[in-house]
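Please keep the viewer open while going through the points.

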Amino acid sequence: MREVTVLGATGSIGKSTLDVVGRHPERFRVHALTANRNVEAMARLCREYRPRVAVMADEVSARGLRERLAGEAAAPSVLAGEAAVTDAVADAPRGIVVAAIVGAAGLRPTMAAVAGGHRVLLANKESLVVAGPLLLAEAERGGAELLPVDSEHNAIYQCLPAGYRRGEAERRGVNRILLTASGGPFRERDPSTLHTVTPEQACSHPNWSMGRKISVDSATMMNKGLEFIEACLLFGMEPDAVDVVIHPQSVVHSLVSYADGSVLAQLGNPDMRTPIAHALGAPDRLAAGVEPLDLFALARLDFERPDPARFPCLSLAEAAMREGGTAPALLNAANEVAVAGFLDGTLAFTRIAAVIEATLARLPAEPAESLEQLMLADARAREIATEWLRQGV
Ligand code: NAD
Ligand code: MG
């Protein structure tokens, strides 16, 4: 029986994870769940999955949750605050921790999870983008097993040679990684109309159902930019050996190209329960409730090159990866501010890239030596990006 802790349990990934976990009561037991402020959703999850510990982001939400669950059988112990999240991870019996908080807010809890030597299922790509080398070093020190659940990275992980370790590409004959992208909802929309798109339109992804922040990132293709950084770091690939390929059907989740001419791909319906089940069960395969892939219904698979003029965020992210140091953290923080501005109606969709670019122009990247320095860079980029948002870029 493995103990599972889900950070960001009320989100899209959190709920997909619990759906898979709930299908295998003989294998998994839920230890702790954490969420931001959605008391109602957390109460429902506590009733269904019976965690021992539940953590909310603040005391008001924690009190709300305690009141809702008062007198019920097996009510969890309810705690509040970021320190309580990291404590819950530190106190968890060695098992599985699912890092599914959105944004850089997930960094410290994810750090705690890898330091604790758990099997860590990484959905929170922003924590890797902000502090990649430090997070990976901490995972090695803690003896953690870091498994990607981002569908593309999970696909790459499945297609790499057995026992592949970061940085072994050349020795193992791995030539290139082909990172697929759907192109999002605006792949074919007239670019001259993009400034009018609404948050609702940006969040209506053609293939995937996801949280709002990552949905906007998919529409700008910053999501693929963050994933480009994620792939280089996780698999120790040179940026020039990772190609982004637009594949509108989202069925080929990514590919690995080998020295002998073989290209391995992982396919499946676009449903996050597949990569989550893979990472929960590895090396075993678990039933995940996912519809089997019907190639005859699908009939065709298309591939095309991304258009850098339509998707400037992708180029900004690739440049930040090449620059290294604090550059990815600055990029990520500016993006979080710009996306929040777009979602609350203060920034036009087409200005998201402009805010990021203007912020990066003001803050030259530095070598990254500590978590504190990266958090400072993150805070500084948020300030500058917020200023640009207020003044207009
Ligand atoms: P979501 O918005 O649906 O859920 C986010 C979760 O994090 C919620 O439980 C929320 O309560 C919690 N949270 C948010 N802010 C917090 C804070 N400041 N402190 C503590 N908890 C906080 O997001 P999602 O779509 O589930 O994405 C989660 C992560 O997984 C993101 O990093 C995203 O990039 C990544 N991811 C998501 C998908 C997907 O299909 N949804 C796919 C690949 C990767
Ligand atoms: Mg992805």
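**Notes on the predicted model**

1. Ala-83 is exposed, with a relative accessible area of 53%. The cut-off for exposed is over 50%, so Ala-83 qualifies at 53%. This residue sits in helix α4, which spans residues 82–91.

2. Next, ligand 1. How many residues surround ligand 1? The count is 21, and the closest are Thr-10, Ser-12, Asn-36, Glu-126 and Gly-211. By class, the shell holds eleven nonpolar, seven polar and three charged residues.

3. Look at the contacts to oxygen atoms of ligand 1. Thr-10 brings a polar side-chain atom to 2.7 Å from one oxygen atom of the ligand. Ser-12 uses its backbone instead: an N or O atom there lies 2.9 Å from a ligand oxygen. Ala-123 also places a backbone N or O atom by an oxygen of ligand 1, at 3.4 Å. The cut-off for a polar contact is 3.5 Å, so the Ala-123 pair, at 3.4 Å, falls within it. Taken alone, ligand 1 exposes 830 Å², and the protein buries 84% of that area. Two elements give two or more residues each to the shell: α1 (12–22) and α6 (125–142).

4. Where does ligand 1 lie relative to the domains? It lies between domain 1 (2–148) and domain 2 (157–298), because both give residues to its shell.

5. Now the metal. Which residues coordinate the magnesium ion, ligand 2? They are Asp-150 and Glu-227, through OD and OE respectively, and Glu-152, also through OE. The distances run from 2.1 to 2.2 Å. Along the sequence, the donor residues follow the spacing D-x1-E-x74-E. Asp-150 and Glu-152 are both buried. Water is not among the atoms, so the site may look incomplete.

6. Check one peptide bond. The bond from Ala-282 to Pro-283 is cis, with omega near 10 degrees. Pro-283 belongs to the loop that joins α11 (273–281) and α12 (295–298).

7. Met-221 has a phi of about 70 degrees. Its place is the loop between α9 (212–220) and α10 (222–235). Is Met-221 buried or exposed? Met-221 is buried, at a relative accessible area of 2%. Ser-254 is the other case discussed here, with a positive phi of about 160 degrees. Ser-254 is part of strand β10, residues 252–258. Its relative accessible area is 0%, and Ser-254 is buried.

8. Stay in strand β10 for Val-252. This residue is buried, with a relative accessible area of 5%.

9. Leu-331 is in helix α14, residues 327–343. Is Leu-331 buried or exposed? At 0% relative accessibility, Leu-331 counts as buried. Its C-alpha atom is 16 Å from that of Pro-133, a residue 198 positions apart from it along the chain.

10. Last, a residue of intermediate accessibility. Arg-50 is partly exposed, with a relative accessible area of 42%. Buried would require under 20% and exposed over 50%, so a value of 42% falls in between. Arg-50 is placed in the loop between α2 (39–49) and β3 (53–56). The C-alpha atoms of Arg-50 and Leu-33 are 9.5 Å apart, with the two residues 17 apart along the chain.

Methods. Residues numbered from 1 in each chain as written. Chains lettered and ligands numbered in written order. Predicted model: local features only at pLDDT ≥ 70, side-chain atom pairs only at ≥ 80, totals over all residues. Heavy atoms only, no water. Near = heavy atom within 4 Å. Polar contact = N/O pair within 3.5 Å; in protein donor to acceptor, adjacent residues only side chain to side chain. Areas by Shrake-Rupley, 256 points an atom, 1.4 Å probe, with all protein chains shown as cover. Helix = DSSP H or I, 4+ residues; strand = E, 2+ residues; numbered from the N terminus. Nonpolar A, V, L, I, M, F, W, Y, C, P; charged D, E, K, R; others polar. Domains from an automatic or database assignment. Buried < 20%, exposed > 50% of the residue type's maximum accessible area, 1.4 Å probe, protein only. Donors = N, O, S within 2.8 Å, 3.2 Å for Na, K, Ca; no water.
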